[in-house]
Amino acid sequence: MDDLLRTLAFVISLPWMVDSVIRRVLAAAAGRWESPPPEPSEPAPRFLVLVPARAEGQLVMSTLESVNAAAATHEVSALVLLDGADAESEQAARALGASTLVKEPAGPTKGAALRWLVEQHPDLLSDCDAVVVLDVGSLLDSRFFDALTGSALSPVMQAWLRGTGDGVG
């Protein structure tokens, strides 16, 4: 009985053994016996997260905390663009590692503040590979920058974000 079970086990496993041998022979013939060398890695993209704010105070904190969480393994810098002086927002931003710039005089619009940044500080934008403009009250998913690396990085993108509803305007 033991001989019959051994023979049966051999016959049942024979197709898998033959398949394994055939695959190894074909892989060797195709020159793929060993693992291919790893592709040279591209340099990690440098991101600038730009957060325009006007009289937001401590409300910038939740947005910047989400940026920091998402940036854990990426090269990301955060800049809070203050449209008019706001000591409370500036202090909160710096406490969370963000840089700040103050546009004076304030107003009239967020678009005007962004234009001022482009005209007055073009070096900030040229020192990065991508700019993410994020309103106060918006939160990034912790995998946000993971999704933007490699071939997924595009010159212009629109992302869906969830907000807290805490932004002033």
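Thr100 is buried, with a relative accessible area of 12%, where buried stands for under 20% relative accessible area, exposed for over 50% and partly exposed for what falls in between, with a 1.4 Å probe and protein chains only. The model is a predicted one, in which local features need pLDDT of at least 70 and side-chain atom pairs count only at pLDDT 80 or more, whereas totals for chains, interfaces and linings use all residues. Residues are numbered from 1 along each chain as its sequence is written, and side-chain values use heavy atoms, with hydrogens and water left out.

Thr100 is placed in strand S3; helices (H or I, at least four residues) and strands (E, at least two) are DSSP runs numbered from the N terminus. Its side chain makes a polar contact of 3.4 Å with the side chain of Glu90, and another, of 3.0 Å, joins the side chains of Thr100 and Arg94. A polar contact is a pair of N or O atoms within 3.5 Å; within protein, one must be able to donate a hydrogen and the other to accept it, and residues adjacent in sequence count only if both atoms are side-chain atoms. Leaving aside residues up to four places away in sequence, Thr100 touches Leu79, Val80, Leu82, Glu90, Ala93 and Arg94, contact being defined by heavy atoms within 4.5 Å.

## Overall architecture

The protein chain has six helices and six strands, and from the N terminus on these elements run α-β-α-β-α-β-α-α-β-β-α-β. Of its 169 residues, 29% count as buried. Among contacts between residues at least 6 apart in sequence, 68% join residues at least 24 apart. The chain exposes about 11100 Å², of which carbon and sulfur atoms supply 58%; these accessible areas come from the Shrake-Rupley method with a 1.4 Å probe, and for residues only the protein chains shown count as cover.

## Nonpolar cores

The largest nonpolar core holds 24 residues, of which Val49, Val51, Leu64, Val80, Leu140, Phe144 and Phe145 touch the most other members. Two or more residues are given to this core by each of S1, helix H2 (60–70), S2, helix H3 (87–95), strand S4 (130–133) and helix H6 (144–147). A second, separate core of nine residues includes Leu79, Ala113, Trp116 and Cys128. A nonpolar core is here a set of buried Ala, Val, Leu, Ile, Met, Phe, Trp, Tyr and Cys residues joined through side-chain atoms within 4.5 Å.

In H2, the residues Val60, Thr63, Leu64, Ser66, Val67 and Ala70 are buried. They cover an arc of only 155° around the axis, which puts them on the same side of H2; the arc is that of the directions from the helix axis to the C-beta atoms. The cover over these buried residues of H2 includes S1, S2, H3, S5 and H6.

In helix H4 (residues 110–120), the buried residues are Ala113, Trp116 and Leu117. Their arc around the axis is only 100°, which puts them on the same side of H4. An α-helix has 3.6 residues a turn, so residues three or four places apart point the same way. The buried residues of H4 pack against strand S1 (46–53), strand S2 (75–83), strand S3 (99–103) and helix H5 (122–126). At the N-terminal end, H4 is capped by Thr109, a side-chain oxygen of which lies 3.4 Å from the backbone nitrogen of Gly111.

## Salt bridges

A search of the whole structure finds seven salt bridges, each defined by a side-chain nitrogen of Lys or Arg within 4 Å of a carboxyl oxygen of Asp or Glu. One of them joins the side chains of Asp135 and Lys110 (2.6 Å, N to O). This pair links distant parts of the chain, 25 residues apart, with Asp135 in the loop between S4 and strand S5 (138–139) and Lys110 in helix H4. Asp135 counts as partly exposed at 35% relative accessibility, and Lys110 is partly exposed as well, with a relative accessible area of 34%.

Glu119 forms a salt bridge with Arg115, with the closest N and O atoms 2.7 Å apart; both residues lie in helix H4, four residues apart, about one turn of the helix. Glu119 counts as partly exposed at 48% relative accessibility, whereas Arg115, at 57%, counts as exposed. In the salt bridge of Arg143 with Asp141, the closest N and O atoms are 2.8 Å apart. Salt bridges that share partners also join Arg54, Asp83 and Lys103 into one network.
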